[in-house]
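Colleague: I am new to reading protein models. Could you show me how to read a few features?

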Amino acid sequence: MHYVLIFENNDRLDGDVIDAFPTCSDSCSQQFCFDKGIEYGGWHGAMEIEFTTTCSNCGELIEGNDFAELLEERDRLAN
């Protein structure tokens with residue numbers, strides 16, 4: 001799991017993070033930045049997330065710590 005971070009006033013050194021977009025890979029982070037006209041700030045990955053989400057670029061599922069519970073619930077509802 002990676003993040004594309006958006007900084008206040010585009011200031012990576014002193015600006016506060018004002019938004020963060022989850023992506024499934026560094027290549028998706030780069031493509032997301034290219035498509036949105038955002039400066040690619042480098043690799044920002046190997047993040048663990050609590051809740052399952054989707055990639056802001058390609059829409060793939062990014063498994064969070066809750067993923068096993070989601071599968072169990074899906075299986076329970078299917079029976």
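This is a predicted model: local features need pLDDT of at least 70, side-chain atom pairs count only at pLDDT 80 or more; totals for chains, interfaces and linings use all residues.

Colleague: Which residues make up the largest nonpolar core?

Modeller: In soluble globular proteins, nonpolar side chains tend to be buried together. A nonpolar core is a set of buried Ala, Val, Leu, Ile, Met, Phe, Trp, Tyr and Cys residues joined through side-chain atoms within 4.5 Å. Buried means under 20% relative accessible area, exposed over 50%, and partly exposed in between (1.4 Å probe, protein chains only). Here the largest core has five residues: Met 1, Cys 28, Ile 49, Cys 55 and Ile 62.

Colleague: What is the phi of Ala 46?

Modeller: Most residues other than glycine have a negative phi. Ala 46, though not a glycine, has a positive phi of about 60 degrees. Ala 46 counts as exposed, at 65% relative accessibility.

Colleague: How many salt bridges are there?

Modeller: A salt bridge is a side-chain nitrogen of Lys or Arg within 4 Å of a carboxyl oxygen of Asp or Glu. By this rule there are two salt bridges. Arg 76 pairs with Glu 73, with the closest N and O atoms 2.6 Å apart. Arg 74 pairs with Asp 75, where that distance is 3.1 Å. Arg 74 is exposed at 52% relative accessibility, whereas Asp 75 is partly exposed at 37%.

How values were computed
Residues are numbered from 1 along each chain as its sequence is written. Side-chain values use heavy atoms; hydrogens and water are left out.
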